[in-house]
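Open the model in your viewer and keep the selection panel at hand.

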Amino acid sequence: MSQPGKVVAVLAANPALSSVLTMVLRADSRLRVRPFESEAALATYMRIAPVDVLVVDLDREDAPGIIAALRADIAIVRADFQAIALTRTVTTALREKSIAAGIDEVIVKPMSPRYLLERVIARLERDRPFVLAPGYRGPERRNRLPGTRPVNQGRRLGDNVVELFPQNA
């Protein structure tokens, strides 16, 4: 992490989990951790201050919807925040909702809170492309979808050449 004082917002399903996650994240002096009890409080905060990483418990009702609403909110200070979601199980429906909401990473619970700290720091150290397009605001994922290519890699759309040794593999 190059800049000190990165802001991590935590929105957990219950106060006990929120307290544990907040305590472990605050162990790293480079992080400023902000716990929230409600979606309204989180949204209000994000409209007045930037958040670098958002940790949301998917056991909250409509958690992917919360992140999607924040991504779509043009009033928030920093639209390119990274989102880490915590869940008990990953289903196909949850995976699709997470991708549509712009969630960067999903961690399956139970997990070590120290593991969450490692993942937050890894997210902050990594630059990743971000898309601000009509209908979607979130991490660049076009190169992960089957049958698609990232834009502007020196190839034309009609090329019929198959790469045997792609650079990103």
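The stops below are in a predicted model.

Start with Leu-42, Met-46, Leu-54, Ile-67, Leu-70 and Phe-81, the residues with the most contacts inside the largest nonpolar core, which has 24 residues. Next, colour the elements that each supply at least two residues of this core: strands β1 (6-11), β3 (53-57) and β4 (82-87), and helices α2 (39-48), α3 (63-72) and α4 (92-101).

Now centre on Met-46. Leaving aside neighbours within four places in sequence, Met-46 is in contact with Val-51, Leu-70, Ile-76, Val-77 and Phe-81. Then select Val-8, Leu-21, Val-53 and Leu-117, which are among the 18 residues of another core, apart from the largest one.

Turn to the charged side chains; the whole structure holds ten salt bridges. Select Arg-71 and Asp-104, whose side chains meet in a salt bridge at 3.4 Å, N to O. This pair links distant parts of the chain, with Arg-71 in helix α3 and Asp-104 in the loop between α4 and β5 (105-108), 33 residues apart. Arg-71 counts as buried because its relative accessibility is 2%, and Asp-104 is buried at 11%.

For a pair in another setting, show Arg-78 and Asp-80, with closest N and O atoms 2.6 Å apart in a salt bridge. Arg-78 is partly exposed at 27% relative accessible area, and Asp-80 is partly exposed at 28%.

Move on to Glu-105 in strand β5 and Arg-119 in helix α5 (residues 113-125), 14 residues apart. They form a salt bridge with closest N and O atoms 2.5 Å apart, and both residues are buried.

Notes:
Residues are numbered from 1 along each chain as its sequence is written. This is a predicted model: local features need pLDDT of at least 70, side-chain atom pairs count only at pLDDT 80 or more; totals for chains, interfaces and linings use all residues. Side-chain values use heavy atoms; hydrogens and water are left out. A nonpolar core is a set of buried Ala, Val, Leu, Ile, Met, Phe, Trp, Tyr and Cys residues joined through side-chain atoms within 4.5 Å. Buried means under 20% relative accessible area, exposed over 50%, partly exposed in between (1.4 Å probe, protein chains only). Helices (H or I, at least four residues) and strands (E, at least two) are DSSP runs, numbered from the N terminus. Contact means heavy atoms within 4.5 Å. A salt bridge is a side-chain nitrogen of Lys or Arg within 4 Å of a carboxyl oxygen of Asp or Glu.
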